[in-house]
Amino acid sequence: MKYIKAAVVLTAMALTAANVTAFARAPYTDIGNVAAETAINYLYDTKCLTFAGTVDIRLFHPDQAITRGELAKLLCDTMPVFQTAGDINKIENPVQAGAKAVSAMLRCGIMTNRGDGTFHPKDIVTREELAAAVYRYMAYYQMETVDKAVKPFADEKEISVSYLPMVQALHRQHIIGQKTEYFRPQQPVTRAEAVLLLFHLVKPDGTYISHVDVQKQVMKILGTVYGSPLSYFDQGTMYWQDDTLVLALKGNIPPELARRLKDEITPAGIVVLRKTKYSRSDYVHMMNKVVRIFVKAEGVQNYVGAEPDYTKEQIVLTAHYPADPDTVAAIAKAVGDHVVRIDVLPAIAQHDAVVTGVQK
């Protein structure tokens, strides 16, 4: 299985236009003996565990069954397009954040309502439901897959008909079921299990280098060289590509910055310097302008989210359906040609129909 697209998207966007603060390593005291400890630390480090709540920040409750609302937040947090959507997606409290996550997953087709048309956020997630959500998550990111020969699960007849093709697809791709002959489709999914599966999707090599520790070192150097880290972001950007932290600058790279990053950062070689057309401040300004133009012309119903693609020096705006040519022209006039890329949300329902061989 190739995870290139989603892994790059997540790690390259770990520091977005709306998020440049380093976060602490997971503070949980109840994860030391669980298989998902590395996964929990990594996703906490990249601010993807907001579903865990703040009742007692010392406890993660890894063996607690994850709910549909919590899974929606976990999935949403790992999707950068929903982290930098501009003013119209600004969240003021956890209740709004949860509603936003559910809405985003429904709009993307990654999760679906129950048969009665409601979401039931407090319902427990079963293993077959998680498999379906992961399958659709992969379809959204258009992950390349490679099927392998596998022996069917011994309890395959117990899997719901609507979920069976998706479970089978993940099984063939070795996303699930490598170490067991039983799938246990109706069994609840624990928080640790859900986090571990998402970690394997976005970090398939299973390694974890604390982004927090590296960012703290870099921020200290930027504060010395530029007077404050915020001053740096008027000149450049900072983002993760896999486990490499990239600092990209508009102008000349100060020799002192290059020297200190080389000599003082551990592990050595984890930070690289590049040239770029735009600073973080430029991206924020352009992205807000682009979102306003798009929503005014197309309506909020066609807007999914927006994010900077630092590697391609573009703003990526995700829409539900192709934008009107006049909208595209207005955006180009406002920020320049080829600065904005409009991606249309993958038709996941149609993708399911192809895989399952049934009409949705």
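Predicted model: local features only at pLDDT ≥ 70, side-chain atom pairs only at ≥ 80, totals over all residues.
The chain contains 13 helices and six strands. Of its 360 residues, 49% are buried. Contacts were counted between residues with a separation of 6 or more, and 74% of these join residues 24 or more positions apart. The accessible surface of the chain is about 17000 Å². Carbon and sulfur atoms supply 53% of that surface.

Three strands form an open sheet in the order E1-E2-E3. The pairing in this sheet is mixed. Strand E1 (236–241) and strand E3 (271–275) stand at the edges. Each has a single partner strand, so one side of each lacks a neighbour in the sheet. From one strand to the next, the twist averages 25°. Strands of a sheet pair through backbone hydrogen bonds, and the pairing can be parallel or antiparallel. E1 and strand E2 (residues 244–249) run antiparallel and are joined by six bridges. Within this pair, Met-238 has Leu-247 of E2 as its bridge partner. Helix H10 (residues 255–264) packs on the sheet and touches E2 and E3. The direction of H10 makes about 155° with that of E3.

Helix H8 (residues 211–226) has 16 residues. At 1.5 Å a residue, H8 should span 22 Å. Which residues of H8 are buried? They are His-211, Val-212, Val-214, Gln-215, Val-218, Met-219, Ile-221 and Leu-222. An α-helix has 3.6 residues a turn, so residues three or four places apart point the same way. The cover over the buried residues of H8 includes helix H2 (37–45) and helix H9 (229–232). It also includes H10 and the strands E1, E2 and E3. Just after H8, Gly-227 takes a positive phi of about 95°.

The structure holds eleven salt bridges. Side chains of opposite charge can pair when their charged atoms come close. One of the salt bridges links Asp-147 and Arg-172, with the closest N and O atoms 3.2 Å apart. Asp-147 lies in the loop between helix H5 (127–140) and helix H6 (164–172), whereas Arg-172 lies in helix H6. The pair therefore ties together parts that are 25 residues apart in sequence. Asp-147 is partly exposed, at 46% relative accessibility. Arg-172 is also partly exposed, with a relative accessible area of 29%.

Are the two partners buried or partly exposed? Arg-260 has a relative accessible area of 13%, which is under the 20% cut-off, so Arg-260 counts as buried. Glu-264 is partly exposed, at 36% relative accessibility.

Asp-343 and Arg-341 also meet through their side chains in a salt bridge, at 3.4 Å from N to O. Asp-343 has a relative accessible area of 28% and is partly exposed. Arg-341 is partly exposed too, at 25%. Elsewhere, salt bridges that share partners join four residues into one network: Arg-68, Arg-114, Asp-123 and Glu-129.

Technical notes
Residues numbered from 1 in each chain as written. Heavy atoms only, no water. Helix = DSSP H or I, 4+ residues; strand = E, 2+ residues; numbered from the N terminus. Buried < 20%, exposed > 50% of the residue type's maximum accessible area, 1.4 Å probe, protein only. Contact = heavy atoms within 4.5 Å. Areas by Shrake-Rupley, 256 points an atom, 1.4 Å probe, with all protein chains shown as cover. Pairing = 2+ DSSP bridges. Axes fitted to C-alpha atoms, helices over the stretch in contact; angles between N-to-C directions. Expected span 1.5 Å × (residues − 1).
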